[in-house]
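Subject: A structure to look at, with notes

Dear colleague,

I am handing over a structure for you to open beside this message.

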Amino acid sequence: MANSTGLNASEVAGSLGLILAAVVEVGALLGNGALLVVVLRTPGLRDALYLAHLCVVDLLAAASIMPLGLLAAPPPGLGRVRLGPAPCRAARFLSAALLPACTLGVAALGLARYRLIVHPLRPGSRPPPVLVLTAVWAAAGLLGALSLLGPPPAPPPAPARCSVLAGGLGPFRPLWALLAFALPALLLLGAYGGIFVVARRAALRPPRPARGSRLRSDSLDSRLSILPPLRSRLPGGKAALAPALAVGQFAACWLPYGCACLAPAARAAEAEAAVTWVAYSAFAAHPFLYGLLQRPVRLALGRLSRRALPGPVRACTPQAWHPRALLQCLQRPPEGPAVGPSEAPEQTPELAGGRSPAYQGPPESSLS
């Protein structure tokens, strides 16, 4: 009885994990696809190339390693499908290359925003985005090649060990973890820390006096009026929201995976499914963190959605429902828009007397 209860609990946990993983998969595909369309359809968007690169990496991961995690995760993982030697090596290479491409791409995006905010008038100090992204993919390719130097997949009775955590990199796992997670984390922390410092200084700076303002007197009221207004205890708190979210999301998603890479392979294999899908959730969080939370992206998304959706039905103006205007519409359909009471022509004396304008009185011959 106890064994059946434990088996049912494990089955329920596996089914729940499968549902959550499928939700993450669908969110990564839809979110990154929509953000990529917005970036490509919006000319002049800042960081457009870095955002498009991040969306492409997330889509590649959502189309390759995430389905493999759904189908071929080792027990007690999500799937039960076994991979052969060649697909197992391909899965190792994709995981070892796409994960650093994502983390290094996020760090490159943070550094680009740091240069745009802190040094906006020095475009010569910014390296070309194509050069930066080429270096990112070169580093990702080298880190992916380390997986090919690891031990070969085990024969069928034993676990295949197709992931990075479960011995896929062999002795190169600590080096891979330092270059794939520790280095991007330091770069991201430095970039967003600099952005926060600049925003806080701008928030603490008193406003400049307007030109042509008259000099104040030396009275007590004048001295009190020029004092800066009371500020909150944490000035620049609004500016700290975006850096805190970016750094917090990176740490929450990638720190468990990086720590598992530094742990022994046997212990890392036990927590492989949990830490792997926590890391994969970053692919679904990027469109919201770097897309919807950015005001230019929100404006571009609203503009494109208004173009795609049909226009709203125009409602009648309140003046069109005035009894006099409504009576005119019923008697003869007007050529132009309905006329309100303020725009209606004034009544002639004949109409005020209750006679029709066509009535001109009796002819003069009948009066004589």
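Of the 368 residues in the chain, 33% count as buried, where buried means under 20% relative accessible area, exposed means over 50%, and partly exposed is what lies in between (1.4 Å probe, protein chains only). Please keep in mind that this is a predicted model, in which local features need pLDDT of at least 70 and side-chain atom pairs count only at pLDDT 80 or more, while totals for chains, interfaces and linings use all residues. Residues are numbered from 1 along each chain as its sequence is written, and side-chain values use heavy atoms, with hydrogens and water left out.

The overall picture

The secondary structure consists of 15 helices and zero strands; helices (H or I, at least four residues) and strands (E, at least two) are DSSP runs, numbered from the N terminus. The accessible surface of the chain comes to about 23,000 Å², and 68% of this belongs to carbon and sulfur atoms; such areas come from the Shrake-Rupley method with a 1.4 Å probe, and for residues only the protein chains shown count as cover. A contact means heavy atoms within 4.5 Å, and among contacts between residues at least 6 apart in sequence, 78% join residues at least 24 apart.

The core and its rings

The largest nonpolar core has 62 residues, and those with the most contacts inside it are W176, W254, Y257, F283 and Y290. A nonpolar core is here a set of buried Ala, Val, Leu, Ile, Met, Phe, Trp, Tyr and Cys residues joined through side-chain atoms within 4.5 Å. In soluble globular proteins, nonpolar side chains tend to be buried together. Not counting residues up to four places away in sequence, Y257 touches L99, V164, L165, W176, F181, V275, T276 and A279.

The structure also holds seven aromatic pairs, a pair being two rings of Phe, Tyr or Trp (its six-membered ring) with centres within 6.5 Å, called stacked if the planes are under 30 degrees apart, edge-to-face if over 60, and tilted for the rest. The rings of W176 and F181 are edge-to-face, because their centres are 5.4 Å apart and their planes stand at 80°. Both residues are buried, W176 with a relative accessibility of 0% and F181 with 6%. The rings of Y280 and F283, by contrast, are stacked, because their centres are 5.9 Å apart and their planes are at 25°. Y280 and F283 are three residues apart in helix α11 (residues 272-292), so about one helical turn separates them. Y280 is buried at 5% relative accessibility, and F283 is buried at 0%. Ring pairs link W176, F181, W254, Y257, W277, Y280 and F283 into a cluster.

Residues to follow from helix to helix

You could begin with S95, which lies in helix α4 (residues 85-118) and is buried at 9% relative accessibility. Leaving aside neighbours within four places in sequence, S95 is in contact with I65, P100, V164, W176 and Y280.

V106 also lies in helix α4 and is buried, with a relative accessible area of 1%. Beyond residues up to four places away in sequence, V106 touches L54, L188, F250, H286 and Y290. V106 and L187 are 81 residues apart in sequence, yet their C-alpha atoms are 9.5 Å apart in space.

A246, in helix α9 (residues 241-262), is buried at 3% relative accessibility. Its contacts, leaving aside neighbours within four places in sequence, are with L188, Y192, L289 and Y290. The C-alpha atoms of A246 and Y290 are separated by 8.4 Å, although the two residues are 44 apart along the chain.

The surface

Which leucines form a nonpolar patch on the surface? They are L175, L179, L183 and L187, with about 300 Å² of accessible area together. Patches are made of residues with over 30% relative accessible area and no salt bridge, with like charges joined within 9 Å and nonpolar side chains (Val, Leu, Ile, Met, Phe, Trp, Tyr) within 5 Å; a salt bridge is a side-chain nitrogen of Lys or Arg within 4 Å of a carboxyl oxygen of Asp or Glu. L175 is found in helix α7 (residues 173-204) and is partly exposed, with a relative accessible area of 44%.

R267, in helix α10 (residues 265-270), is exposed at 61% relative accessible area.

With best wishes
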